[in-house]
Amino acid sequence: MSKLTSAVAGAVMAFAGMAGMMSTPAQAATGLEYVALGDSYASGVGADFYDSASGDCRRSSLNYPALWSAAHGDYTLKDVSCSGATIPDVRDKQLSAVTADTDLVTLTVGGNDAQFTSVVQACLTQSDSYCATAAQWMSVYARGQMVTELATLYKDIKTRAPQARIIVLGYPQALSSTGTCPVIDLSSAKRTAMNGLADALAEGTKAAAAKEPVEFIDMRDTFKGHGACGSDPWINNLNAGTAVFHPTLAGYLAGYDARLNEVTGG
């Protein structure tokens, strides 16, 4: 059994004991406070083990906020991340969880604002040129308007929690450049277009983090060689239903949680 397989198995076995203390919108205020904000990549879509109380937000008890907080017992987690969340959603529906008592904030958001799901749909059902045009159009947004929108959100978080450490985790490229996709194979041109949008999202998020200084974790190198349709995917393939192109449990463990631990020294 590989080290990663053992880690995944261990996480699943530990789930029952962890579920009671993780990924809940509110817990007793003890020690340090960690607030997790963001969209489906933050809530853990693709990892399974969803908290039924979170409803359509689909917060997994094995998402990266839960995995990290389980290993840092001095932090109390308030996870308000929600599948489908946009930048305005984070501000209007999640930001109130951040207070002057918050010590750590993590955030992944922007993909829904850049219409990533719509681009995926276009690439799955339309021509190479249509896919490329859709991806390029939203890449312009991601490198432009989204930068300002994210920087403003980061400023709002800082205003609410002046002493908090703020860590923004980006998006990886979703697709391997080689290998065969199940259900519907994707041409090289379509893979390039979709990964180009992922690059634009990462670069736009990085630019926003530099503009309104917060810490940024670029996930692209971490997931390199582990895209969907490849030989060792950490991204769910096309047969994964609504979890398609979201990290697998291995992706959250060896990808997001590992990098967050690396940055925080955990």
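Guide: A pocket here is an open set of grid points with protein on both sides within 12 Å along at least five of seven lines, and its volume is the space filled by probe spheres set on the points. Keep in mind that this is a predicted model. The largest pocket comes out at about 450 Å³. Asn112, Phe116, Thr117, Val244 and His246 are the closest to its centre, out of 25 lining residues.

Visitor: What makes a residue part of the lining of a pocket?

Guide: A lining residue has an atom within 4 Å of a point. For the largest pocket, H2, helix H5 (116-125) and H8 each give two or more residues to the lining. H5 has the largest share, with six residues. Sorted by class, that lining holds twelve nonpolar, ten polar and three charged residues.

Visitor: And how much space lies in the second largest pocket?

Guide: About 280 Å³. It has 15 lining residues, and Gln173, Leu175, Asn195, Lys224 and Gly225 are the closest to its centre. The lining of the second largest pocket has two nonpolar, nine polar and four charged residues.

Visitor: On to the cysteines. Why is the pair Cys57 and Cys82 called a disulfide?

Guide: The cut-off is sulfur atoms within 2.5 Å. The sulfur atoms of Cys57 and Cys82 are 2.0 Å apart, so the pair counts as a disulfide. It links distant parts of the chain, 25 residues apart: Cys57 sits in the loop between helix H2 (40-43) and helix H3 (64-70), and Cys82 in the loop between strand E2 (75-79) and helix H4 (87-94). The torsion about the S-S bond is -80°, and the link is left-handed.

Visitor: Why is the disulfide of Cys123 and Cys131 called right-handed?

Guide: The torsion about its S-S bond is about 80°, so that disulfide is right-handed.

Visitor: How do you know whether Cys123 is buried or exposed?

Guide: Buried means under 20% relative accessible area. Cys123 has 0%, so it counts as buried. Cys131 is also at 0%, and therefore buried.

Visitor: What makes Cys181 and Cys229 a disulfide?

Guide: Same test: their S to S distance is 1.8 Å, and the limit is 2.5 Å, so they qualify. Here too the pair links distant parts of the chain, 48 residues apart. With 105° about the S-S bond, the link is right-handed, and both Cys181 and Cys229 are buried.

Visitor: How many disulfides does a search of the whole structure find?

Guide: Three. With the bonded cysteines numbered in sequence order, the pairing runs 1-2, 3-4, 5-6.

Notes: Residues are numbered from 1 along each chain as its sequence is written. This is a predicted model: local features need pLDDT of at least 70, side-chain atom pairs count only at pLDDT 80 or more; totals for chains, interfaces and linings use all residues. Side-chain values use heavy atoms; hydrogens and water are left out. Helices (H or I, at least four residues) and strands (E, at least two) are DSSP runs, numbered from the N terminus. Buried means under 20% relative accessible area, exposed over 50%, partly exposed in between (1.4 Å probe, protein chains only). On a 1 Å grid over the protein atoms alone, a cavity is a set of points where a 1.4 Å probe fits but cannot get out, and a pocket is an open set with protein on both sides within 12 Å along at least five of seven lines; lining residues have an atom within 4 Å of a point. Ala, Val, Leu, Ile, Met, Phe, Trp, Tyr, Cys and Pro count as nonpolar, Asp, Glu, Lys and Arg as charged, and the others, Gly among them, as polar.
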